[in-house]
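Biologist: Hi! Could you walk me through this one? I'd like to begin with the overall layout and then move on to the ligands.

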Amino acid sequence: MTDPYDRSSGPETIAESTEAEIIQIFTAAATRAAAGHPPTTLVVGNGDDAAVFAASTDVVASTDMIVEGTHFRRQWSTPADIGARAVAQAASDIAAMGAQVRYIVIALSLTTDMLLTDVEDLATGAATEARRAGARIVGGDVTTGPCIVLAPMALGDFEDGGSAVLLSGARPGDTLALSGLPGRSAAGLELISSGHTDGIAQDLFRVPRPEYPLGPAARRCGATALTDVTDGLLRDLSGLCRTSGVVADLDRSTFVDDEVLRDAAVVLGKDPRSAVSEWQLTGGEDHGLLASFPAGSDIPAGYAACGVIREPTREHGPGTVLVDGEARKISGWDSARGQQT
Ligand SMILES: Nc1ncnc2c1ncn2[C@@H]1O[C@H](COP(=O)(O)OP(=O)(O)OP(=O)(O)O)[C@@H](O)[C@H]1O
Ligand SMILES: Cc1ncc(C[n+]2csc(CCOP(=O)(O)O)c2C)c(N)n1
Ligand SMILES: [Mg+2]
C-alpha cells in the first residue's frame, strides 16, 4: 500500500503539483482534525460546490484575512502557526458575538515555491485550531499568487437559542471586564522584530489563543456589549463606546502587573512602567474579550473587571476613553495604514 504522506517520489512544491492535490491536503487535514468531533448540523461537507448545514438558531458569519508581510512573516512563523493564526482570528469574532463557532471555509492564496510538506503543516495548523475552537473546516478555495494570504470565513450559532451580543448595548453604570492578558502579542512582535525569537509573548504573537467559550459565557451572564481586542484596548473600547453612545473609564489599578511584559521591556531596553502600560492599552491581536455587564451582576470566570461605562458629557463625547478619569488619545493599530497610530 502506498503511504499518502510519502513524498519521496512525488511533487515537492506547489509548482510541481496540482490544484486537486493541494485541496486533498486540506480536506485530509480537516478530516483528521474532526475525528471524534461530536455530530453537527453539517449536511454536505467538503467536496461539492459548497457546504450545507442546517440552521435552527441565528447564524453568525464573519471573515477576517491575514496577509504575509502585514500579519505574519514566513521567517518568523511556521506554516502551522500561520494556519492556526488565520483560523483563530476569524473564529474569535464569532465568540465576540457570544456565539459558538461551528464551521470554517478558508480561501487561500499560496506561493508556487511552497513545499507540499509546508502546505500540509499549514493545513494541519488551521484544522487543529478549528478543532480547538469547537469547529470544523468544511470548504475553501485555493489559488496561487505573489504572497501567502489566508481568508477564513467562520460561521457560528447559539447552542441555547440565544441572540448575539452587540457593540451597541453598553449602558452608563455597566462594569467593563476583559479576559486574558492584554499586550503580550504586541510585546512579542517587538521582541521578534529585534531578534529575540523565543518566549511566551513571541508564541502568542505567532498564534493568538482566544478563549472561545468565554464569548457564550459572557452572553449567558447578561453581557450588554462584547467585542474581541484586535486593534488594541483603547481603539476597540472606543469603537464599542461610540457605537453604544457612551464613555468608558478604565481603572489602571485593575491591570495585572504582567511579568512577561516587564521582562520584555527589560530585554528591549525600555522603561518597564511606560512600555507595559503602552502594550496593555494599545497592543492588538491578543483577542481578549472585552465585555460590559450590568452594574452589580456577576462577572463570569475568566474575566476581570477593568473599569466602568459612563454617560457622555459635553466635555467627553461618545467614544471617549478615560484612563483613571483622564481622557486618553485613542491610539492602537490602524488597519488602513498598516501601523500603530
Ligand atoms: N469589505 C467590507 N465590506 C462590507 N463590510 C465590511 C467590509 N470590511 C469590513 N466590514 C464590516 O465592518 C465591520 C468592522 O470590520 P473590522 O474588520 O474592523 O472588524 P473587527 O472584528 O474589528 O476585525 P479585525 O479583527 O480585522 O480588527 C464588520 O461588521 C465587518 O463585517
Ligand atoms: C509582520 C507584522 N507586522 C505587524 C503586525 C501587527 N498587526 C498587523 S494587523 C494588526 C491588527 C489587526 O489588523 P487587521 O484589522 O488588518 O486584521 C496588528 C496589530 C503583525 N501581526 N505582523
Ligand atoms: Mg472583532
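Modeller: Happy to. This is a predicted model, and in it the C-alpha centres of domain 1 and domain 2 lie 27 Å apart. The contact takes 20 residues from domain 1 and 18 residues from domain 2.

Biologist: Where do the two domains run in the chain?

Modeller: Domain 1 covers 14–157, and domain 2 covers 175–340.

Biologist: Which element gives the most to the side of domain 1 that touches domain 2?

Modeller: That would be helix 2, with nine residues. Both helix 2 and strand 5 (100–110) supply at least two residues of that side.

Biologist: And how do the residues on that side divide into nonpolar, polar and charged?

Modeller: On the side of domain 1 that touches domain 2, ten are nonpolar, seven are polar and three are charged.

Biologist: Which residues surround ligand 1?

Modeller: Ligand 1 has Asp 64, Gln 89, Asp 93, Thr 230 and Asp 231 around it. In that shell there are no nonpolar residues, two polar ones and three charged ones.

Biologist: What does UniProt say about Asp 64 and Asp 93?

Modeller: An unreviewed UniProt entry carries a "binding site" annotation that covers Asp 64 and Asp 93. The two span 30 residues in sequence, yet their C-alpha atoms are not more than 8.5 Å apart, so they gather at one spot.

Biologist: Tell me about Asp 64. Which residues does it touch?

Modeller: Asp 64 is in the loop between strand 3 (60–63) and strand 4 (66–67). Not counting residues up to four places away in sequence, Asp 64 touches Gln 89, Ala 90, Asp 93 and Pro 152. With 19 other C-beta atoms within 10 Å, Asp 64 is partly exposed.

Biologist: And Asp 93, buried or exposed?

Modeller: Asp 93 counts as buried, because it has 23 C-beta neighbours inside 10 Å and the threshold for buried is 20 or more. Asp 93 is part of helix 2 (residues 79–95). Leaving aside neighbours within four places in sequence, Asp 93 is in contact with Ser 62, Asp 64, Ala 154 and Asp 228.

Biologist: Where else does UniProt put a "binding site" feature?

Modeller: The unreviewed entry also places a feature of that name at Thr 63, Asp 64 and Asp 141. Asp 141 is in strand 6 and, with 12 C-beta neighbours inside 10 Å, counts as exposed. Asp 141 touches Ala 107 and Leu 108, not counting residues up to four places away in sequence.

Biologist: Switching topic: what do the buried residues of helix 3 pack against?

Modeller: They pack against helix 1 (19–34), helix 2, strand 5 and strand 6 (136–144). The buried residues of helix 3 include Val 119, Leu 122 and Ala 126, and also Glu 120 and Glu 129.

Biologist: How many residues does helix 3 have, and what span should they give?

Modeller: Helix 3 (residues 116–132) has 17 residues, which should span 24 Å at 1.5 Å a residue; the end C-alpha atoms are 24 Å apart, which agrees. Helix 3 is followed by Gly 134, with a positive phi near 85 degrees.

Definitions and conventions: Residues are numbered from 1 along each chain as its sequence is written. Chains are lettered from A and ligands numbered from 1 in the order in which they are written. This is a predicted model: local features need pLDDT of at least 70, side-chain atom pairs count only at pLDDT 80 or more; totals for chains, interfaces and linings use all residues. UniProt positions are given in the numbering used here, feature names are shortened, and annotations may be inferred rather than shown by experiment. Helices (H or I, at least four residues) and strands (E, at least two) are DSSP runs, numbered from the N terminus. Two residues are in contact if their C-beta atoms, placed from the backbone, lie within 7 Å. Domain bounds come from an automatic or database domain assignment. Ala, Val, Leu, Ile, Met, Phe, Trp, Tyr, Cys and Pro count as nonpolar, Asp, Glu, Lys and Arg as charged, and the others, Gly among them, as polar. The expected span of a helix is 1.5 Å times one less than its number of residues. A residue is near a molecule or strand if its C-beta atom, placed from the backbone, lies within 6 Å of it.
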